[in-house]
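Subject: Structure for your review

Dear colleague,

Please find the structure below, together with its sequence. A summary of the findings follows it.

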Amino acid sequence: MLRTLRLGSTLIIFLVVVSSCSAPITTREQGGLIGAGLGAGTGAIIGSTVGHAAAGALIGGPVGLIAGALIGDHLMGQERRHQEQALQTDENARELERLRRENERLRGERIER
């Protein structure tokens, strides 16, 4: 019971320290934190069935951290690709408008002749 209390206290302190960072956390970091929490919780539940909740949490936490970070990294890649596509779309729209104006100017010159 005392070990579980220590583990819970350590986890809460860790989360407070991590959440107090001045810069916003990335999607990868969010995934890692969520994964670590879920992994530790799941490990504690599974470990408690065999009488070793703390050991289960200590094993499940890092496994969840790695899995969550990998998922977060994948999501960051998708966000980055989406932003790049949006920038390209905007650039294409500007070029299209420029070509449209140029076309109108050339038509006007041809009509004047």
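To begin with burial, the buried residues of helix H3 are Ala54, Gly56, Ala57, Gly60, Gly61, Gly64, Gly68, Gly72, Met76 and Gly77. Please bear in mind that this is a predicted model.

Helix H3 itself covers residues 53-112, 60 residues in total. The distance from its first C-alpha to its last is 87 Å, close to the 88 Å expected at 1.5 Å a residue.

Regarding confidence, the mean pLDDT of the protein is 85, and 88% of the residues score at least 70. Among the elements of the protein, H3 has the highest mean pLDDT, at 92, while helix H1 (residues 2-19) has the lowest, at 69.

Arginine 6 lies 9.4 Å from alanine 54, C-alpha to C-alpha, although 48 residues separate the two in sequence. Alanine 54 is one of the buried residues of H3.

I turn now to charged pairs. Side chains of opposite charge can pair when their charged atoms come close. The count for this model is 6 salt bridges. Three of interest are described here:

- Arginine 98 pairs with glutamate 95, with 2.7 Å between the closest N and O atoms. Both residues lie in helix H3, 3 residues apart, about one turn of the helix. Arginine 98 is partly exposed, at 39% relative accessible area, and glutamate 95 is also partly exposed, at 35%.

- Arginine 101 forms a salt bridge with glutamate 97, the closest N and O atoms being 3.8 Å apart. Because these two residues are 4 apart in helix H3, about one helical turn separates them. Arginine 101 is partly exposed, with a relative accessible area of 49%; glutamate 97 is partly exposed at 33%.

- Arginine 105 and glutamate 102 meet through their side chains in a salt bridge of 2.5 Å, N to O. They are 3 residues apart in helix H3, so about one helical turn lies between them. Arginine 105 is partly exposed at 40% relative accessibility, and glutamate 102 is partly exposed at 29%.

With kind regards

Conventions. Residues are numbered from 1 along each chain as its sequence is written. This is a predicted model: local features need pLDDT of at least 70, side-chain atom pairs count only at pLDDT 80 or more; totals for chains, interfaces and linings use all residues. Side-chain values use heavy atoms; hydrogens and water are left out. The expected span of a helix is 1.5 Å times one less than its number of residues. Buried means under 20% relative accessible area, exposed over 50%, partly exposed in between (1.4 Å probe, protein chains only). pLDDT is the predictor's confidence in each residue, from 0 to 100. A salt bridge is a side-chain nitrogen of Lys or Arg within 4 Å of a carboxyl oxygen of Asp or Glu.
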